Amino acid sequence: MLFGRLLGPAEIEVDDAAVDLGGAKMGERNYILTETAADAESARLTLLERLFDPATVRRLERLDVAAGARCLEVGAGRGSIARWLVGRVFPGGRVVAADIDCRHLGGLPQDIEVRTLDIRTDTPEPDAFDLVHCRALLMHLPDPLDALRRMTAVLRPGGVLLAEEGDHGLHVYSGHPDAPWLTELTHRVFAGLASAKIMNAYLGRSLPGMLTAAGLELAGGEIDSGVARSGEPAFEFERRTAEAAAPALIAAGLMTEAEDRRARAVRSAPATVMNTWSLVAAWGRRPN
Ligand SMILES: C[S@@+](CC[C@H](N)C(=O)[O-])C[C@H]1O[C@@H](n2cnc3c(N)ncnc32)[C@H](O)[C@@H]1O
């Protein structure tokens, strides 16, 4: 299936057998950036927090997360939202920060329970939380609806799930002679990642429907997007993500070394401009 219909890239069939790393199909592997050096991944996650925390916090404030609430953050990354939740729900509340890779969750306040969890297979305790939050997580999972169902099951009746996921449908480069080429390459790689079930770069648009399919009553939604020049935080986040993923993409046959070099040159040119990914937020309540 091709997800990039909004942009309309050419249909690209990717042979699953070509997307093979060290004997394991990439779709069976962990999160694609688990192998990234800890400091580089930490810097990338810091940028992500800087870009999206203000909107996430605004939404959580609107959802009226109050003292005493029990909260679960899945795919917690560096834990900035778990940290914010502690300030909000203590005393009397509970905050669990869960991730398949807890390398970046050291140094959080002791009040936060840090837990290693693979949401593809693990279900935390049922009916135990008033709020579940995830951001930029479901798009990395082979079966996001199954993960959403697991997260719904841990909510108490009446509890709220807030999910925020990327959609690269508007991700387009301009301002450089090679910008159309880089746009085409980017979406060709996304199509390959989708075929291999490693990442659905266009998942955001499906989020409201998926919440309903997971058994939640949809309560609201929003989309944030932007335009950024080379060097600006939103552009820098995409650049770091693309460059961190490049070795795995080359090894998997989704991109060549020459294409990677040409793409890096376009991204580093000061005149290059990018329509960033969109962050689609949707929230819903578990029926009583
Ligand atoms: C793009 S990062 C987003 C981090 C954080 N949610 C944020 O927005 O700042 C994706 C996170 O999901 C985690 N992750 C990926 N696959 C996972 C899985 N199967 N179960 C739990 N966490 C997972 C990664 O380790 C990473 O921390």
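**View 1. Glutamate 217 stands opposite arginine 285 in S12.** Strand S9 (residues 217-224) runs antiparallel to S12, paired over 7 bridges. Strands pair if DSSP finds at least two bridges between them; strands (E, at least two residues) and helices (H or I, at least four) are DSSP runs numbered from the N terminus. The model is predicted, with pLDDT of at least 70 needed for local features and 80 or more for side-chain atom pairs, while totals for chains, interfaces and linings use all residues. Residue numbers start from 1 along each chain as its sequence is written, and side-chain values use heavy atoms, leaving out hydrogens and water.

**View 2. Strand S12 (residues 278-285) is largely enclosed by the rest of the structure, because 7 of its 8 residues are buried.** Buried means under 20% relative accessible area (1.4 Å probe, protein chains only). S7 (residues 155-167) also pairs with S12, in the antiparallel sense over 8 bridges. In this pairing, leucine 161 stands opposite glycine 284.

**View 3. The shell around the ligand holds 19 residues, of which Gly75, Asp99, Asp118, Ile119 and Arg135 come nearest.**

View 4. The protein covers 97% of the 600 Å² of accessible area that the ligand has on its own (Shrake-Rupley method, 1.4 Å probe).

Terms used. Near = heavy atom within 4 Å. Buried < 20%, exposed > 50% of the residue type's maximum accessible area, 1.4 Å probe, protein only.
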